[in-house]
Amino acid sequence: MMAAEAAIQAGARNEYDVAVIGGGLVGAAIAWGLARRGRKVAMLDEGDVAYRASRGNFALVWVQSKGAGFTEYALWTRHSAEAWPQLAGALRDDTGLDVCLQQSGGLHLLLSEREVESRANAIKRLHNQPGMVPFDYEMLDRAAVARMLPHVGPDVAGASFCPLDGHVNALRLLRALHVAFQKHGGIYFPERPVERIEPRGGEFRLHSADNAQTIGAQKIVLAAGLGNARLGPMVGLNVPVRPQRGQIMVTERTAPFMPYVVHTVRQTDEGSVMIADSVEEARFDASVGSAVLAVEADRAIKMFPHLAKLNVVRCWAALRVMPKDGYPIYDQSKTCPGAFVATCHSGVTLTGAHALALPPWIDAGVPPGNTFGAFATRRFDVPAIN
Amino acid sequence: MTIFVDGVAMPARDGDSVAAALLALGHAACRTSAVSGAPRGPYCLMGVCFDCLVMIDGVANRQACMAVVRDGMRIETQRGKREYGT
Amino acid sequence: MIAASALDERYDVAVVGAGPAGLAAATTCAQSGLRCVLFDEQEQPGGQIYRGITNSPFTPDTVLGDDYWRGADLVRAALDSGADYAPGATVWGLLRPEEVAVSMSGVTRQIRAARIILATGAIERPFPIAGGTLPGVITAGAAQILLKTSGLAPSGRTVLAGCGPLLWLLAWQYLNAGVRLDAILDTTASANWPRAARHAAAFAASPYLAKGVRLMLAVRRAMRIVGGVVEIKADGSDRLEAVSYRTRSGKLERLSADTLLLHQGVAPNVNLALSANIAHQWSDKQLCFVPRVDRYGATGVPHIAIAGDGAGIAGAEAAEARGRLAAVAAVRALTGEHLLADEERTARRSLQTYERGRAFLDLLYQPAADFRRPRGEVIACRCEEVSARQILDTVALGCPGPNQMKAFLRCGMGPCQGRFCGLTVTELIAQARGVSCDKVGYYRLRPPVKPITLGEISGLPSNEAAVKAVARE
């Protein structure tokens, strides 16, 4: 039987220091971080079939090009990428699982001179932002790309390269976070979607359907992805997130051929090749569309012509959790102190920060300095008209 | 007709699937798994199990049960993951 | 027979699968004047039950039995009906309403059809045993395909193991062909008899009794049968060398063997239907997921019907009847007239005849629990080599269903797309959690339901919106 049921049957009271709503990469990272700090933590999750960005993403740990127009985000991303090796090591220590972090650098491949120019300008603008700490990057011409990735096709015109970029086995990461969380005494409640949050006397009661026993917690963290939009207002938090569809294909296993990660083509540690990258505003429609797949396939073949022969064994569409301006939202409710929210679309890259930097903040209840101020929800407030 | 199995000339019958031809020759295994390297061979013969993968005429990971033998066909054990260019 | 280039852009009816249901459906549609295409993944019609019927090395009245040769009439009628027969055509997705994505010779066409009839039939049930992935272990269905199409049978020491009507049919066909079986290990669960017996009267009145009894007597007279087998292991290092088994008496026996033929029933091939969001539910009698269909095979998805074993296992004759009924519904919908009343009556009478007695067979041949829910290191997912123990450990981690299980362990991520592990994984999770298989659910499936090359996908039509969604520099 499952851990939560066993714990409750053993007579444990259903009361916790922190209840994290959401068992995806964001929720599980925060929950683990808090459990490691000795808190009594519950992690609540939906059922087997749900909108799970954590199961459908492209698993990149990506720094380059993040944070145009939002310097703090660029810094936060970089901080998380630099914390990633520590995270991977801690998870391996806790679980014996290797999440196969590869951070030898990533290339954003470009298929025409126009694309090269556009990309170079975008990164330059990013670096010129006030307060920006420039990261290492290089614009590579075709010859330089071919030296790093010997199998690129003739259409590849160049790339932007960042040595901090990489990827990880995101599914194993999720599993490792769950194992590590429970190892530190965390209690996991699958199939426990939260219908209603009831703030009561400075604490919180979480109500689910099906007469499931109410869960009580002194603090809560909303890490429910797209569900945060509905839950936030229950504790005085405005969390404008919307679904943004991405479609991915994965091939059969093939011998390793990519020493570096490419932003739309990555070879997993198992040997399969994943192909992305699309952005569609499709509301909650997570169905696959062949037109988008055709374009993704075409570009991937231009990058690596031999991919044309590989068999695609699966396709899926997943819904990114996209905040209104694209940047993470971290905040604590003013009307219900103790209720926090953490949501973003880069759940893999930011796992380092979520596991190592956010838990101390949640524990203390106040953000150190003003670092998280820029990520608060007040940036969405419409100014009052006088 | 003659087919080549891992480079060795073998007889085959017109109309047989590659899987049937291999089994008729006593080859129960046709590949080593890309996951663990374990030897595997045809299992369902109807195209749904993907255990019968072989290299046919230089193309890797072909289902032997879905391909019909041709004179001169080159069939090779599919060793683990598909190699670059195959 | 038609090549990809000769396919029309649009048909009235597209039938997927050329077994008895598909052949009957295509025939009835085409004979009623509808433009019909019959897509067949194989190169010759007949599906699995009538596999090889157009070029069998055997002649009628020998070896394979009369039931098999009935298929020849069905095939002839379909090929003469005016329907376009497209062999070597893998339907890999129903991406948009009234559209079939089909791959032929490495090129995909998207064919429009006002009505789609899925007749993709059944596949062997998973039969997870220790050593079950060793070379030399094949399914009884595979053995039948080898016999029917190539006249091949295993040489050397051969053991047949499992339960169900097809097991006895194969043994009888081998008997007729002079093929020696070293032993038949019968895993029919004795506990099934009382529940099956309640339906014995219907079985006795059905066409299956006489056939079945005749078959089994002949086999029992001639071959060595071990009954009450409760455990089977395939032993060997690089290939099968021996089969170990245990009966209820508890003693472990070992037989040297070169080939082990496994079979414990068939289950609907649900991948294409599930990928089209057709609702399915768990059948406690047949221990598998079956689509929700009405008496004409209509699903909840407009204009898609399912006929044959894909709608629930009932055998070849019932499949043929259901194919006719789906066709009748399509003809009426597209012509606007209440035609084919006689055909419907005949088909329903046939269906009644051939469904009678199935309950008895379903219950008697329900595979025993230990053969559906393996333990320990027995591989449950063949493609990704995931064991039963790993699955149960992950249930204990809190994983509630097969999709989270897939994410954590990769079971169901291989090229077979869960066809050989889905039922096992669902049942293992259901039992460990103490909930129903309906509650646990099944893998979420999407197109392509068969692997397609990336090159082929790149050739699909795109549009400006798609380009904008991807190339965003």
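**Note on salt bridges and helix packing**

1. A network of salt bridges links R172(A), R253(A), D269(A), E270(A), E384(C) and R410(C). The model under discussion is a predicted one. Over all chains, the count comes to 58 salt bridges. Side chains of opposite charge can pair when their charged atoms come close.

2. In chain A, K183(A) and D94(A) form a salt bridge through their side chains, at 3.4 Å from N to O. K183(A) belongs to helix α7 and D94(A) to helix α4 of chain A, so the pair ties together parts 89 residues apart in sequence. K183(A) is exposed, at 52% relative accessible area, whereas D94(A) is buried, at 13%.

3. In chain C, R373(C) and E427(C) meet in a salt bridge at 3.6 Å, N to O. R373(C) lies in the loop between α12 and β20, while E427(C) lies in helix α15, 54 residues apart. R373(C) counts as buried because its relative accessibility of 17% is under 20%. E427(C) is also buried, at 4%.

4. The side chains of E377(C) and R389(C) form a salt bridge at 2.7 Å, N to O. E377(C) sits in the loop between α12 and β20 of chain C, and R389(C) in helix α13, 12 residues apart. E377(C) is exposed, at 54% relative accessible area; R389(C) is partly exposed, at 37%.

5. Helices α1 and α2 of chain C pack at an angle of about 35 degrees, with their axes 8 Å apart. Residues in the contact include L23(C) of α1(C) and L74(C) of α2(C). The contact residues divide into six nonpolar, one polar and no charged.

Conventions:
Residues are numbered from 1 along each chain as its sequence is written. Chains are lettered from A and ligands numbered from 1 in the order in which they are written. This is a predicted model: local features need pLDDT of at least 70, side-chain atom pairs count only at pLDDT 80 or more; totals for chains, interfaces and linings use all residues. Side-chain values use heavy atoms; hydrogens and water are left out. Axes are lines fitted to C-alpha atoms, for helices over the stretch in contact, and angles run from 0 to 180 degrees between N-to-C directions. Helices (H or I, at least four residues) and strands (E, at least two) are DSSP runs, numbered from the N terminus. Contact means heavy atoms within 4.5 Å. Ala, Val, Leu, Ile, Met, Phe, Trp, Tyr, Cys and Pro count as nonpolar, Asp, Glu, Lys and Arg as charged, and the others, Gly among them, as polar. A salt bridge is a side-chain nitrogen of Lys or Arg within 4 Å of a carboxyl oxygen of Asp or Glu. Buried means under 20% relative accessible area, exposed over 50%, partly exposed in between (1.4 Å probe, protein chains only).
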